[in-house]
Amino acid sequence: MTTSSPQEDDVIDLGALMSAVWRGKIIILLTFLFAVLIGGIYAYFFTTPLYRSTAVVMLNNREEQVVDIGSVLGGLGSDRSVVNTEVEILKSRILLGKVVDRLDLTQDPEFNSSLVPPSPVSQVKTWVKSLLQPTDDAESSVESQRVATINALLDTLTIRNVPESLVFQVTVQTTNAEKSALIADNLVDLYILNQLEVKFEATEQATTWLTERVTDLQASLEEAEGKVKDFRANTSLVSPEALEGMEVQLKDMRERIEDTQNALAGSESRLAAMQAATTPEAQAEASGDLQLQRLLPRIDESEIQTAFETRYALLMTRLQTDITRSQTQLTSLQSSLTTLESQIGQQSQDLIALQQLTREAEASRLLYEYFLARLKETSAQQGVQQADSRIISPAVIANFPSAPRKSLILAMAGMLGLMIGAAFVLFREARSNAFRTAEQLEGTTGHATIGQIPLIKASRRKDAIAYLKEKPSSAAAEAIRNLRTSVMLSNVDMPPKVIMTSSALSGEGKTTVALALTLNFATMGKKVLLIEGDIRRRVFGQYLSTSQKDGIVSVLTGAKSFDDVVIHDDLLEADVLLGDKGQANAADIFSSERFANLLSDLRKRYDIIIVDTPPVLIVPDARVIAQNVDATVFVVRWDRTQKEQVVGALREFESVGKPVSGLVLNQINPNGMKRYGYGNNYGPYSAYGSKYYVN
């Protein structure tokens, strides 16, 4: 027995899947038609027509202001973030709330579900909710209805930005065409009006703020200018040029003091030298006076000496007077220098303070003038604001409903029907655990399929054998011939004489196969004996017309001889040894030596012996009988016997060392094979059989 590898089991056979779908095409088609029917009923009888209306608005980013005040009234940009923002504004609850209030949509049952008469289930839910959460707030109820209406309006609204543009399509879908157009137009109008209101509010806020700011700046400017004025009035302030002149005067005064100090030092040095001189020559040299030098040669003269001394004394007195005067002058200059330095320092500080106050006043003036200009520009801008959007196409009242799209519903229903049908077929195929072809049977069991017998349409079992005899050229008769040939060729050197038929369970048609083989061998001129080995059920009486009661048990117990109980059936044209009821267990009877001896004796009298045995999974009789036969034909019912049952039954035979000789796929339904997609390919039930068979 061969088994498939795990790798082969994991591979999805697309051909098998497609074949399974094709085999279930009738089911898929019926499911498709049923789904289309249901979809049509829903689309044409149960859906509410919806009408769609679209208003088109364009975002204007040209910033066409009369006065260029970008920071206050600038237009919108055109990048993706601005576009997305405007889309969200169009869907904002504030804007939709204005639409609800303007059109009084809270009184429209389509948007306010509380106006629709509640169903009994809804009434019960409302009653239970009122018990759990009691409320008497009428105002809250009104607000909740308004919120619910806004939610319903949002569900009917679709905002779409046309790619690569600043155009928005505002679409509303309701049950009334006029209502859809009215809501779309009002939403766009309120959207544009909202832009103007925002700009008006921004302008008003800017004007108010600028007015307050200008007033504050004016007070600050006046205060700064007042400080400058008071400072000038209270300070003896010179100009920067005069301060520069004073600094030049200070420099000259410092130079004079330096010169005076040098002259005083020279006079004092000269006086000291004159006071230190003791001789006339030294005195004349120390004084440096020319007159004393002229008198020096005649110093010996008393008059000259007196004149020399008088002159020298005069020079010393004069030098002392100069020293005193220079000292007085130096003191005066130093005092003036100190006063001038103090004046210059104070003047510098006052000038710096004045410049600081002047700068502050100038800064206040510039700021005041700037904001005053902005205030005037903003005030001039009031009344000339433009919206950032404009309508380029108002909503048009639809003549035909946009939904439901009946063709789409039918198409979707059809697709759903096809998928459900295909899924059901594939599920049924996956759940199928029976055999439909010889290849499946051989692949699962590892045994050869030696026969494929179609279903014989007969109301009684006896009629099935009569059909085979009356119609020897039928597909069923040819299938029996093929089975006979396969059985005889299963061992060319020693063709089997004793052939056993068995199955996994009852109802597989093994008895009919045994009788058919008997008839077929008999028509060849063979001397054939058919033994009813299923002595527990004993169904041969349903096929044969006989009153014989005794059978194989009587022969094996010695109560009767073989010749006394064997009968010849004219329908089968063969001898038949019926089964009869005995006291011992059937398995014990067939495992006895008497049964083996009986078969040995019968081999000498008959060309072919066919033994019909009970199902192997139910009783062990078949495995016991198999020990004394030459070939075992195992019958499997088409599209019914489960794979596990067949494999288990074959394992029972192998466990006793008597594997079956071949498998027979029995009771094949030609119509079923065609339905499964095998009808054009397999043997007696193929599409070509009509050329050869006479059914």
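Visitor: How many bridges join strand 6 to strand 11, and how do the two run?
Guide: There are 5 bridges between strand 6 and strand 11 (residues 631–637), and the two run parallel. Strands here are DSSP E runs of at least two residues and helices are H or I runs of at least four, numbered from the N terminus; two strands pair if DSSP finds at least two bridges between them.

Visitor: Is this predicted or experimental, and how are things counted?
Guide: It's a predicted model, where local features need pLDDT of at least 70 and side-chain atom pairs pLDDT 80 or more, while totals for chains, interfaces and linings use all residues. Numbering starts from 1 along each chain as its sequence is written, and side-chain values use heavy atoms, leaving out hydrogens and water.

Visitor: Which residue of strand 11 stands opposite M500?
Guide: T632 does.

Visitor: What about strand 10, how does that pair with strand 6?
Guide: Also in the parallel sense, over 4 bridges, with strand 10 spanning residues 608–612. There, T501 stands opposite D612.

Visitor: Why is strand 6 called largely enclosed?
Guide: Because 6 of the 6 residues in strand 6 (498–503) are buried, meaning under 20% relative accessible area with a 1.4 Å probe, protein chains only.

Visitor: Which residues cover each face?
Guide: V498, M500 and S502 lie on one side, with I499, T501 and S503 on the other, and all are buried.

Visitor: New topic: where does F111 sit?
Guide: In the loop between helix 6 (93–103) and helix 7 (120–132).

Visitor: Buried or exposed?
Guide: F111 counts as buried, because its relative accessibility is 3%.

How values were computed: Buried means under 20% relative accessible area, exposed over 50%, partly exposed in between (1.4 Å probe, protein chains only).
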